[in-house]
Amino acid sequence: MKRTSWFRSIWKFLVIELIAAAITLSLIAHEQIRNRLYEAEIYGSSIGSNIELRLNQYVSIVESLGDQYLEYGEHFADHFPGICEHIMQRDDIIGSLYVAPDGIIQFAYPAEVNDATIGFEPARDPQQGAATRLAIESRKTTVAGPHALVEGGTGFIVRHPIYDEDSQFKGLAILVMDWNRFVQRLTEEGNGQQLYNYAVWKENNDGVITDADGFIFHAGDVHERRISITVDAPNETWYLTVEEVGGWSSLRQMLPWYLGTLALLIILTYVELFTIRSQENRRRMEAAEVENRAKQQELEEKLKLQEQLLAQKEQQKKLDSMITAMASDYRSVYHIDIDANDGVCYRADPDDATQTPEGVHFPYHERFLWYCDSFVDREFQDGFRRFIDPQNVRAALATENIIAYRYLARRNGSDYYEMLRMAGVRHPGDRDDHIVHAVGLGFTVIDAEMRESMARSHALRDALAAAEEANKAKTAFLSNMSHEIRTPMNAIIGLNNIAMHDPSVSLRVKEHLEKIDTSAHHLLGIINDILDMSRIESGKLVIKNEEFSFAKALEQVNTMISGQCRDKGLTYICRTVGQVEDEYIGDDMKLRQVMINILGNAVKFTPKGGTITFTIQSVARFDGKSTLRFTMSDTGIGMSREYLPTIFDPFSQEDSSSTSKYGSTGLGMPITKSIVELMNGTIEVESEKGVGTTFTVTVTLLDAERRTVPEEDGLPHPDEMCVLVIDDDPIACEHAQVILGQVGISCEQALTGPDGLEMVRLRHARREPYNLILVDWKMPEMDGVETTRLIRQAVGYETPIIILTAYSWDDITEEAKEAGVDSFVAKPLFAGTVMDEFRNAFKKKNTKLVGRSVDLRGKRILLAEDVPVNAEIMMMVLGMREMEAVHAENGRVALETFAGSEPYYFDAILMDMRMPEMDGLEATKAIRALDRPDAKTVPIIALTANAFDEDVQRSMQAGLNAHLSKPVEPEALFETLEGLIRDRS
């Protein structure tokens, strides 16, 4: 009975255990399947993420390709291979294409693989057409495929439409990916590829599902335990299906494993019965051990925290000592909470009984306002109140670390200077909200430093006032000396000029007179240099911004320098590089002075047989401004490297013997550098002893509005003109073609005189003669004069001919005129200069267009001059052109003489500026104020020994028409009179 009961108990136990094992095994199997499904889903998500990541990378690459097309524009074809070579480093990209706006593939890389695609129209292809049109119409990047490629194989395509800023369609940038490499790389990068298969597919229009290997099956055939994951492509949805290799495990497949596991569970159950008690005891012991360890750890943490608190107290004590030491310069220190308007004193002044004691809190703003009213001098109280205002403190310390206010304080019956300083508790960059909430504030006495600073300031003010007075005295002295020196110089140069034109003077005497003239002009140059330095030092040298003809300015410089080079036996070369305009806005006179100073030195310090090269280059154009670079090189004596740093110092000379040998004053380069810097330019110099020197000047000028060539009756329009350029230098011919083309003139070229003569004959035979012929003077075999002579013999004098030359043409003027030359133009060539000379030549050939020039013979001139010798010289100069001169000893006499004459009796007035009784400015104003018809119109020309710009300005404001500086050059005087006098006949 006991055995049966025992057997039944065992049987019940085994049945229960068996049922429990079956349930447990079922749950385990289900959990394993679920885990495998979960792992498969993770694997599929990983593959899907890789797909999305790769698609985004392809999108970024193709969009970058489109951006670079817009960046390079018409040069995209040159950069396309280099761009694609970088892209093709990815082995799954097999092609980069560009589709032109007309829909045809224009570029393909690599060419050997994708050559078949050139000329292909994707939008018309049955497979690719829909995706291509979608990309263009939606203006978004699209992905399509996989499908068969034109170049072979299977792939998918990423298309990016290219639109510019004006929404104009510029074409498609395309990447082509190998589908099999794409899938293979996804497999290689995935985890668990030995356990799972996957397929990438999408639903086509016919409802068929296509997997990665090309197998086709219907959607209903997909196993219910396959994991399907959605992948977002740019324009469509892809799907990813994942399943376990060999299919998912079933209960039948796992039955042997179930039975083995059941047997093992039975054995383990008996073992478990015997181990339960021992495990329970072990758990109790472990729980007790854990509790003991927790108590031990808690005790250790309390001890560690106590040590940290002690260390912090020690550190705070050291910091307090350091703060006290650092604040020893302050008589008191406070902490201010601006938000709470609360202040507390950290360090008190023991000598200040009115101060709030240390550690006692007080209302900050009210307390400091009381201090201001009680102890701050009235002159500083408003500033003190603004300084301590909380809002001003916040604003000032928002960007600054420390702010301070200095003021005069009155305490205990004495006055002293004090400073209030504030600093934010945290630096501006360390504040999360960038707002000051608390500050440290300190008072410090600065009486000694302040009074010493005030004494220095007072001394500096006195010194500055003395310097200004000295500068005014120097300016006044130089102004007076200018007049006093120029007055006798006027007599010397004037009398010398008259004597040189006296036909009775012998050749030997004339040589002496020429040497006197050279020395006098050299002395005048020294005077001008000294006056320029004075104006620069006094800040009175003003740079003007006026529109001027750069071509004419350059012509004047070249005429002067080329003549000097010819006289000395030097070779002079002048050329332009880039688009140099005819007109600019700047200071014409100062710019010419810079060029003449440097080129004049080059002539002076270059021995016979040397070369001087002048290059003008347009290096930049931006925002209505042009930067010009002037490079002036010579093969002269050069300078040592040791001297170069001092070359721009006043009166600096490398060799004192050069003063007598070359006539140098040592002021030219300092003046030149000052002018260049006033023009916001730069000047650099390179030189080597015995080799030569190169100066590089860079200035920026304002662009003048381009002037159209004015149309005149009888003159052809530039668009209708054809010009022949005959020059043996191909570069010069090309430059002329570019320059003339800027104003619309057609240009033909001939490199020799005979070629040019033949071209002229052909045009004349066709009755289509050239409107203008430009001939270079210096050419081999047949020069410009001989070429002109033969042209005139062949076709006559109908076409104007202008000689081009970089040299002075004074020696060949008569010969050239006899040969038929109409005019001369200096190189480098400018379109405006050519048109001016063309108009002049055209007018000379058509006398009906030429106005009569004023004849100075018999013109009556009123001369106001207080120095008798100067008056005598001026009357003799006027007599050289058979003019009648009436002399007035001063301005008052000149006014009375003019007022007592008949209206329009005098044709012009020459007015000296400095005269006794009434100077030139007062006399001019009085004449202009007379009530007679010619008072406002009679030309009045200033004659002055003052060379300052302000003198010219005052002359113009007083009503003068022109300003001539003494000594007066006769030709300049005659030219001025011819330009101002109007013929009333």
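Is Val869 buried, exposed or partly exposed? In this predicted model, Val869 is partly exposed, with a relative accessible area of 33%.

**View 1. A nonpolar surface patch includes Val869.** Leu495, Val869 and Met876 make this patch of about 220 Å². Val869 sits in helix α21, residues 868–879.

**View 2. The largest nonpolar core has 40 residues.** Phe550, Leu591, Phe614, Phe630 and Val697 touch the most other members. Several elements each supply at least two residues of this core, including α12 (550–568), α13 (588–604), β20 (611–622), β21 (625–634) and β23 (692–703). Helix α13 gives the largest share, seven residues.

**View 3. Phe630 and its contacts.** Leaving aside residues up to four places away in sequence, Phe630 touches Phe550, Leu591, Met595, Phe614, Thr615, Ile616, Phe695, Thr696, Val697 and Val699.

**View 4. Tyr334 and Phe443 form an aromatic pair.** The structure holds 26 aromatic pairs. In this one, the ring centres are 6.1 Å apart and the planes lie at 80°, so the pair is edge-to-face. Tyr334 is in strand β11 (residues 332–337) and Phe443 in strand β16 (residues 438–445). The two are 109 residues apart, and their pair links distant parts of the chain. Tyr334 counts as buried at 8% relative accessibility. Phe443 also counts as buried, at 3%.

**View 5. Ring pairs build a cluster around this part of the model's aromatic residues, Tyr334 and Phe443 included.**

Note on methods
Residues are numbered from 1 along each chain as its sequence is written. This is a predicted model: local features need pLDDT of at least 70, side-chain atom pairs count only at pLDDT 80 or more; totals for chains, interfaces and linings use all residues. Side-chain values use heavy atoms; hydrogens and water are left out. Patches are made of residues with over 30% relative accessible area and no salt bridge: like charges are joined within 9 Å, nonpolar side chains (Val, Leu, Ile, Met, Phe, Trp, Tyr) within 5 Å. Accessible areas come from the Shrake-Rupley method with a 1.4 Å probe; for residues, only the protein chains shown count as cover. A salt bridge is a side-chain nitrogen of Lys or Arg within 4 Å of a carboxyl oxygen of Asp or Glu. Helices (H or I, at least four residues) and strands (E, at least two) are DSSP runs, numbered from the N terminus. Buried means under 20% relative accessible area, exposed over 50%, partly exposed in between (1.4 Å probe, protein chains only). A nonpolar core is a set of buried Ala, Val, Leu, Ile, Met, Phe, Trp, Tyr and Cys residues joined through side-chain atoms within 4.5 Å. Contact means heavy atoms within 4.5 Å. Rings of Phe, Tyr and Trp (its six-membered ring) pair if their centres lie within 6.5 Å; planes under 30 degrees apart count as stacked, over 60 as edge-to-face and the rest as tilted.
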